[in-house]
Amino acid sequence: MKKLFSLLLVATGSFLSTNAQVTPPLGPPPIPQHATAVELGLGLFIDAIKNNIQTTVLRVNHSIDSMSSSTNVKARLSHSIQVQTPFMAYTTSSQRPNHKYGKIVFKVTYTISGISYHSIPYFDRRLFQDVTIGFSCNQWYTDNGTPMLGVAVEKPMLDEASFGEQALNFFIGNTLTNLVDRKLREIVSGIGGGGSTALPGGKCNCMSLAAGSAPGFTDWSIRFAYVPPKRIETFSNNVTVSLKSIKRLTIIDLPDPVEESINLEFYANHKSIVIPVNRIKAGDEQQLNNAVITMARPGDNDMLVLIGNVTVTAGGETFSNSMLFKKDRNFGIGTHKFIVVRSFIKTPLPGPDGRKPKPYVVYRPHYEITLHVSGDGMGMGGFN
């Protein structure tokens, strides 16, 4: 039976896994050679982050000095920065479509030297912190994509050494560490820290990273452009994903709720619908009426990505899965069984000695969504 079920999944183009899949990024695409691009030098942003870190160190040292009469701690903070090579990264969500973005990571090492407590000297300590700049074309798949900048500041991590004095450990590991984190976040908030800031250049739907040769990557640039999309010259320019039904599969070897209500969130690339499904029991199959997503046909080098998220109303747990189709599979034209796997806690029976084994997590296919992909007016012929 298990073998037959596995063959069914392969035959229908579905895949089953114990963990939701991270789908490849859908875009934005790189800038074509003929396009006119807005180019923003990375040196400006790199220097801004370096200056902000320097300002943070100065302010923290001032705070250490001002607190010394009450803490009896003296110390001096210094820093070094390693700027890693900029690169194009992509988001890694298993529940949403993913996209590409430009990324620069700053590896910051803070040295805490000249440490003394009640005039007794102690050895140096170090803090480590990552600061990341991200460049994106927000909503690139619409006709109004916007160049955006975001800055992420990770909490500093203290080295593993420690002092015999607990009060000094607390000051270094809590007061000083939190001070560095808070001061830097306050300063970088003006350039996208904790959120996103729009960049100049008008709308965009593609972006590229241009490499340079200067030390520290200061002559590199991030480029944004808007290229009017071309309609593909075929009989149909659309693809339609119709969700036909959802079936709750029977779990025979585990306790299974008698009935439950769920929300089904389903994506076809960047378009989505949410469908409430009420009081569905094991073995039940409910028809999904008017559950249709219509979107533009993917380009020949693009793909159709389907993502399904089932959220259980009681408890709020979400279980996900995905499928993807490229041109070589006719963008998925046809009928498919989309399986969503759910995790359960299984408690084994006591052993011969009466001891109770620890519960563990198991995964079972729990929802089966029947869907059909078509090209308008094309039937199974689709986009050939």
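How many salt bridges does the structure hold? The structure, a predicted model, holds 12 salt bridges. The points below take some of these, then the aromatic rings.

1. Asp-159 and Arg-125 meet through their side chains in a salt bridge, at 2.7 Å from N to O. Arg-125 belongs to strand E6 (residues 125-138), while Asp-159 sits in the loop between strand E8 (157-158) and helix H3 (166-188), so the pair ties together parts 34 residues apart in sequence. Both Asp-159 and Arg-125 are buried.

2. A salt bridge also joins the side chains of Arg-342 and Glu-260, with 2.9 Å from N to O. Glu-260 is in strand E13 (residues 259-268) and Arg-342 in strand E19 (residues 334-346), so parts 82 residues apart in sequence are tied together. Arg-342 and Glu-260 are both buried.

3. Glu-368 and Lys-337 form a salt bridge whose closest N and O atoms are 3.9 Å apart. Glu-368 is in strand E20 (residues 360-375) and Lys-337 in strand E19, 31 residues apart. Glu-368 counts as buried because its relative accessible area, 13%, is under 20%. Lys-337, at 26%, is partly exposed.

4. Salt bridges also link Arg-297, Asp-300 and Lys-327 in a network.

5. The whole structure has 4 aromatic pairs. One of them is Trp-140 with Tyr-141, edge-to-face, at 5.7 Å centre to centre and 85° between the planes. Trp-140 is buried at 12% relative accessibility, whereas Tyr-141 is partly exposed at 37%. Phe-217 and Trp-220 also pair edge-to-face, at 5.5 Å and 90°, and both are buried.

6. Lys-203 lies over the face of Tyr-226, 4.3 Å from the ring centre.

How values were computed. Residues are numbered from 1 along each chain as its sequence is written. This is a predicted model: local features need pLDDT of at least 70, side-chain atom pairs count only at pLDDT 80 or more; totals for chains, interfaces and linings use all residues. Side-chain values use heavy atoms; hydrogens and water are left out. Rings of Phe, Tyr and Trp (its six-membered ring) pair if their centres lie within 6.5 Å; planes under 30 degrees apart count as stacked, over 60 as edge-to-face and the rest as tilted. Buried means under 20% relative accessible area, exposed over 50%, partly exposed in between (1.4 Å probe, protein chains only). A charge sits over a ring if NZ of Lys or CZ of Arg is within 6 Å of the ring centre and within 35 degrees of the ring normal. A salt bridge is a side-chain nitrogen of Lys or Arg within 4 Å of a carboxyl oxygen of Asp or Glu. Helices (H or I, at least four residues) and strands (E, at least two) are DSSP runs, numbered from the N terminus.
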